[in-house]
Amino acid sequence: MKKQLVQGNQAIVMAAEVAGLKFYAGYPITPASEIIHELVNKKHIKVLQMEDEIASVSACIGASLAGLKAMTATSGPGFSLMQESIGLAHMMEIPLVIVNVQRVGPSTGMPTLPAQGDVIQCIHGSHGDYFPIVFYPNSVSELYAYTVMAFNAAEESMSPVILLSDGYISHLYETIMPHRDFDIKNRSRPPLGKGDRHFTGLSHEGSVPRTSDVDNYRRLITHLYEKQQLVAQRYNCYEYLECGKDTDTLLISYGALSRVAYYFKNDFALYRPIQMFPVVEEIKIIASRYKRILVMEMNTGQYVREIECILHREIEFIPILGGRIDLHEIKQKIRQKTIERNEE
Amino acid sequence: MDKESGFKRYLKLDLLPTPWCPGCGNGIVLKTICQAFDELDLPKDGTVVISGIGCAGRSAGFFNLDSVHTAHGRAIPVAEGIKYANDALHVVVVSGDGDLLGIGANHLLHAIRRKTNITVVCYANEIYAMTGGQASPITPHNTKTLTTPDGNPDYPTDVQFLFKHHNGYFARTSAYHLNHMKKCITESLEFNGFSFVEVRTMCIVNYGRRLGYKNSNEMLMHYKELYKINDYAEELAQDEIGIIKSSS
């Protein structure tokens, strides 16, 4: 096998093919469009350009029900449009993969520049309670590996799995080893057209809608929650780098921004969640070794709340707002934060 | 007629009654769809029904087939995903005018353009009935509803014109004209391309009652008097039901 120089979005397509992708529906959007550009040349994958992202995710739900592994890819504005049907897919237990290559928002924002503003939208974008599995790699080779994981997790959990990326790593070119030795999970449910099942977004018991049976609804949500937790525990992916020298600080970051964090590996211990949701519990044990927890992300504080929630302690936060990742700026902000802390 | 051979084989009879009000026309449409299935002897393995949200949307769950009850307005794209994933399936969408022509109209426009080989049966009762009776995209001009107390200021959508230049199958029929309805639905199921059957049907509780109809039979009789059948016409007038078919 030969190493290949590929773009992040291209790596997603290569891995999706390995994972068994057979159906893609999408709508053009920067910085995710390269994914559909690559896919239209694959003869064994059905590719539809739909009229919008709502139709795209809906068509994927249909194709998945009909038995095919399905994927759609978008960026923040399209991801917002998909939210209602993502809730539907959780309720009907539809395996599919949704790639969100994040750009600067809100609204049209800065389409070509990277950000990390859609983290909370992944878990709370749709109405009601649902418990998605979300991965966020930080390199092209990780995009390749975690695309396969996303497909597998979708099949195991029978739910839409979200693969987060951003305009930086999706447009990055790196060499990867496109190996194919993955354990690929296949569909456990028979395809549509083989029975008398009814799939509905209404609260239901098996194939029968139960529109006002509260106890049944509570059982259904408990089932969805437990199922997602169980599958997520099989992945629980993160990166933890202990510091070469003695440090009291753990620096937490993820995605594109975490690539800059490696620069500080001689000053701080580093932690990077790859499975963003459900939050990896190991962070509790790791964080207990450090007096100081420093979180930086490309938004005004989305994942830091999740970290606070799970650790129940004071966390220092450095927002690096979307658009630019500048080492000099980050160094200054960390230094400033350290001075403030020492003055207190 | 025993259950295995007649139209009833396509229904989950044990789930009856439906959630629909007394006097509702949806049951007539549901039964006629099953009769059309029966006439064509559609295989139960290999036929799927997709619906959106609303009164008509609830009909999907009563088919004794694999069925999907999607989000509001999204029955057509879900159905297209199914059809493009497995071309061997007969894919039938059943939903209301609010779902298909209001919130989901964008998808209808593009499904017509893509000529996706699916059949859509629209239960057209001119009202958002499930939510209590608000104006729909085909509520006639000047009609009073909960959201148009002074009469609907807008004019209704006429779906037939969306089919111009796109070689689809369009039919308009009514809950009174049972044989015509069955013929339209049967033909649409046989049509190789995108087909749409608009069935005018009555909602007495959240619509007709407020317009002065005493009961749903009066609404049915109104269809009898109003509609003249004009099959295979170039264009249907407001008071005509019929079939507009182009080559697929």
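Me: Leaving aside its neighbours within four places in sequence, which residues is V91(B) in contact with?
Reply: In this predicted model, V91(B) belongs to strand 3 (residues 90-96) of chain B. Once the neighbours within four places in sequence are set aside, the contacts of V91(B) are V48(B), I50(B), A79(B), I82(B), K83(B), I118(B) and T119(B).

Me: Is V91(B) buried or exposed, and what is its relative accessible area?
Reply: A residue counts as buried when its relative accessible area is under 20%. V91(B) falls below that cut-off and is therefore buried, its relative accessible area being 3%.

Me: How far apart in space are V91(B) and T47(B), C-alpha to C-alpha?
Reply: In sequence, V91(B) and T47(B) are separated by 44 residues. Taken from C-alpha to C-alpha, the distance between V91(B) and T47(B) is 6.1 Å.

Me: What share of the contacts in chain B between residues at least 6 apart in sequence joins residues at least 24 apart?
Reply: Of the 248 residues in chain B, 59% are buried. Among the contacts between residues at least 6 apart in sequence, those that join residues at least 24 apart make up 67%.

Me: How many aromatic pairs are there over all chains, and what kind of pair do Y10(B) and F37(B) form?
Reply: Over all chains the count comes to 19 aromatic pairs. For Y10(B) and F37(B) the centres are 5.4 Å apart and the planes stand at 75 degrees. Planes over 60 degrees apart count as edge-to-face, and the pair of Y10(B) and F37(B) is accordingly edge-to-face.

Me: Why does the pair of Y10(B) and F37(B) tie together separate parts of the chain, and how many residues apart are they?
Reply: Both Y10(B) and F37(B) are buried. Y10(B) lies in the segment before helix 1 (26-40) of chain B whereas F37(B) lies in helix 1 itself, so the pair ties together parts whose separation in sequence is 27 residues.

Me: What kind of pair do the rings of F163(B) and F196(B) form?
Reply: The ring centres of F163(B) and F196(B) are 6.4 Å apart, and the angle between their planes is 55 degrees, so the pair counts as tilted. The pair links distant parts of the chain, with F163(B) in the loop between strand 6 (134-135) and strand 7 (169-174) and F196(B) in strand 8 (residues 195-200) of chain B, 33 residues apart. Both F163(B) and F196(B) are buried, and the kind of pair asked for is tilted.

Me: What is the radius of gyration of chain A, and why is it as compact as a globular protein of that length?
Reply: Chain A has 12 helices and 17 strands. The globule rule gives 20 Å for 344 residues, and chain A is as compact as a globular protein of that length because its radius of gyration is close to this value, at 20 Å.

Me: Which omega does the cis peptide bond from F277(A) to P278(A) have?
Reply: Most peptide bonds are trans. The bond from F277(A) to P278(A) is cis, and P278(A) is placed in the loop between strand 15 (275-277) and helix 10 (283-287) of chain A. The omega of the bond from F277(A) to P278(A) is near -15 degrees.

Me: Where is S107(A) placed, and what is its phi?
Reply: Most residues other than glycine have a negative phi. S107(A) lies in the loop between strand 5 and helix 5 of chain A, and it counts as exposed because its relative accessibility is 63%. Although S107(A) is not a glycine, its phi is positive, at about 60 degrees.

Key
Residues numbered from 1 in each chain as written. Chains lettered and ligands numbered in written order. Predicted model: local features only at pLDDT ≥ 70, side-chain atom pairs only at ≥ 80, totals over all residues. Heavy atoms only, no water. Buried < 20%, exposed > 50% of the residue type's maximum accessible area, 1.4 Å probe, protein only. Contact = heavy atoms within 4.5 Å. Phe/Tyr/Trp six-rings, centres within 6.5 Å; stacked < 30°, edge-to-face > 60°. Helix = DSSP H or I, 4+ residues; strand = E, 2+ residues; numbered from the N terminus. Rg over C-alpha atoms; globule rule 2.2 N^0.38 Å.
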